Amino acid sequence: MSRAKGRPSKGSITSPGSDFLQLDIAQAPAGGRAAWLAERLRLAIADGRLPVGGRLPATRVLAADLRVSRGVVTEAYQRLTEDGHVVGRGRAGTVVVSAPLAPVPSASPPEPPTPFPVTPGVDVFDTLRTARARIDLSSGVPDLAAFPRSAWLRAERAVLGRLAPADFGYGDPRGTPALRTAVATWLARYRGIRVDPAEVVVVAGVAQALGLLAQVLRDNGITTVAVEDPGSLGARQHLRSWRLETPPVRVDAAGLCVDELTAAGHPAVMLTPAHQFPTGVVLDGDRRRGLRQWAEAGGLIIEDDYDAEHRYGRPPVPALRATLAEHVCYAGSVSKLLAPALRVGWLLAPTRYREAVTAAKRDADLGNAALPQLVLAELMESGELERHLRLLRRRHVRRRDAMIAAIERHLPGAVVHGAAAGLHLMITFAGSFSDTDLAAAAFARGVKVQPLSWHSQRGGPPGLVLGYAANAVGDIQAGVAAVGAALREI
């Protein structure tokens with residue numbers, strides 16, 4: 001004797017359901033399965049789980065999943081069709097074409113937070129990134145439009161063509177051997193660092209490098225890492241999120257004031273010696289020698305080499321890691337070379353911390369995704385990344401020069417700092433006005449900039465940090481003109 005269609009056989013699951021929208025037919029009232037299913041689908045369309053353009057499962061498939069007759073599903077779909085929410089398109093299936101009107105909110109939505117608070121919170125950069133503006137002169141953003149898409153696709157096809165099935169499994173948490181070798185070669189060529197590939201740990205950008213180091217340093221009794229002042233607010237916030245103290249050490253025209261660092265007795269320091277952020281100064285020879293003496297006496301250096309490849313009007317500056325391997329934790333990435341979205345960087349740690357850093361990376365995520373690493377290694381080894389860097393340098397020089405000319409025209413009282421390298425300029429003003437007020441006034445005119453005061457713990461002259469790498473010349477000129485107009489208003 002055959003069983004009735006749509007009725008579960010003896011010994012089967014008593015409450016059948018579908019992975020689609022987590023539907024459980026046992027929740028439907030007796031005799032009301034079609035109405036119940038139509039309402040569940042209508043709610044999913046309303047809240048976006050079934051977006052306009054999305055396709056519903058075939059009636060036969062959903063009926064089998066729910067173990068109901070096909071007529072139940074057909075009737076539910078028909079109700080949605082009559083409401084105008086879905087339409088049948090033959091072999092293309094049943095497609096969502098409109099969503100129910102959302103209820104009118106009973107109260108006005110909360111005002112978005114101001115992107116320019118006087119005292120920036122931990123979410124200040126998230127707020128600034130999502131704030132819409134006509135022109136974005138934020139610092140730290142490379143020329144994303146120049147991303148080498150064709151070269152990346154060629155490298156990806158080449159990599160995929162030679163990968164074995166085993167290459168798609170879990171790998172070394174330090175990164176793929178191919179990228180670690182390519183990074184070692186790149187650092188030797190461009191940063192004067194001789195390193196064995198086995199010493200390279202591939203990380204998800206400098207931010208993760210700082211997080212891994214913070215964990216290792218705390219485990220070794222170091223709870224204080226001095227930072228440059230002015231210096232990167234983002235780096236300082238990241239270290240503090242890992243419960244490290246970040247006392248300021250003054251930066252002047254020669255770089256970090258090493259005498260102040262020594263006098264304070266701090267056990268570790270983080271700095272940007274090749275192109276100090278945000279001032280753009282280079283740590284000079286005397287300060288380097290003083291820092292070497294401080295490190296050899298027991299101090300630890302964290303070197304953030306965030307954009308050292310981008311130089312235009314000065315000779316190259318070797319990394320501190322090149323001569324102080326056992327006293328320097330060195331971090332770099334491709335965020336300023338290619339794109340921050342890749343989340344690929346590298347970390348070199350002194351011998352005494354290397355195993356602990358590898359263990360922390362393993363615990364964090366078992367290692368970066370392998371495919372982007374292999375594609376990046378291909379770009380490095382083929383010379384494509386080097387060609388891309390040369391292209392960026394030419395483009396950046398034109399944009400930097402346009403920004404300097406615009407500053408001279410629209411902000412004649414501003415002093416420009418750090419023009420010889422990098423992706424940004426720092427400008428300072430005479431007077432005692434609030435640079436956060438200036439940034440807010442510029443934003444009201446459709447231009448995003450960063451106030452210099454965000455990056456200083458001790459205070460200083462008002463100023464702005466202006467990124468030029470990601471903008472066309474016309475936008476740079478218009479953006480600086482808007483800042484000039486805003487300055488005249490405050």
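Biologist: How many cavities of 30 Å³ or more are there?
Modeller: In this predicted model, the count comes to 2 cavities of 30 Å³ or more.

Biologist: What is the volume of the largest cavity?
Modeller: The largest cavity has a volume of about 100 Å³.

Biologist: Which residues line the largest cavity?
Modeller: Among them are Val 227, Glu 228, Ala 235, Arg 236, Met 270, Leu 271 and Asp 304. Strand 7 (226-229), helix 8 and strand 10 (268-271) each supply at least two residues of this lining. By class, the lining of the largest cavity divides into 5 nonpolar, 3 polar and 3 charged residues.

Biologist: And what lines the second largest cavity?
Modeller: The second largest cavity holds about 30 Å³ of space. Its lining includes Glu 228, Gly 255, Leu 256, Thr 272 and Pro 273. In that lining, 5 residues are nonpolar, 3 are polar and 1 is charged.

Biologist: Turning to pockets, how much space lies in the largest pocket?
Modeller: About 1,200 Å³ lies in the largest pocket. Its lining has 38 residues, and the closest to its centre are Phe 125, Arg 129, Gly 140, Gly 234 and Lys 336.

Biologist: Which elements give two or more residues to that lining?
Modeller: They are helix 4 (124-130), helix 7 (205-219) and helix 8 (233-241). Sorted by class, the lining of the largest pocket has 16 nonpolar, 14 polar and 8 charged residues.

Biologist: What about the volume of the second largest pocket?
Modeller: The second largest pocket has a volume of about 550 Å³. It is lined by 29 residues, of which Asp 229, Leu 452, Ser 453, Ser 456 and Gly 459 are the closest to its centre.

Biologist: Which element provides the largest share of the lining there?
Modeller: Helix 8 provides the largest share of the lining of the second largest pocket, with 5 residues. The elements giving two or more residues to this lining are helix 8, strand 8 (248-252), strand 15 (424-428) and helix 14 (435-444). The classes are 11 nonpolar, 12 polar and 6 charged.

Biologist: A change of topic: at what angle do helix 2 and helix 3 pack?
Modeller: Helix 2 (residues 59-66) and helix 3 (residues 70-83) pack at about 125°, with their axes 8 Å apart. The two helices are therefore oblique to each other. Helix 2 passes helix 3 in a right-handed crossing.

Biologist: Which residues meet there?
Modeller: From helix 2, Thr 59, Arg 60, Leu 62 and Ala 63 meet Arg 70, Val 73, Thr 74 and Tyr 77 of helix 3. By class, this contact has 4 nonpolar, 2 polar and 2 charged residues.

Terms used: Residues are numbered from 1 along each chain as its sequence is written. This is a predicted model: local features need pLDDT of at least 70, side-chain atom pairs count only at pLDDT 80 or more; totals for chains, interfaces and linings use all residues. Side-chain values use heavy atoms; hydrogens and water are left out. On a 1 Å grid over the protein atoms alone, a cavity is a set of points where a 1.4 Å probe fits but cannot get out, and a pocket is an open set with protein on both sides within 12 Å along at least five of seven lines; lining residues have an atom within 4 Å of a point. Grid points are joined across faces, edges and corners, and a volume is the space filled by probe spheres set on the points. Helices (H or I, at least four residues) and strands (E, at least two) are DSSP runs, numbered from the N terminus. Ala, Val, Leu, Ile, Met, Phe, Trp, Tyr, Cys and Pro count as nonpolar, Asp, Glu, Lys and Arg as charged, and the others, Gly among them, as polar. Axes are lines fitted to C-alpha atoms, for helices over the stretch in contact, and angles run from 0 to 180 degrees between N-to-C directions. Angles under 35 degrees count as roughly parallel, over 145 as roughly antiparallel, 65 to 115 as roughly perpendicular and the rest as oblique. A crossing is left-handed if the near helix is turned anticlockwise from the far one by less than a right angle, and right-handed if clockwise. Contact means heavy atoms within 4.5 Å.
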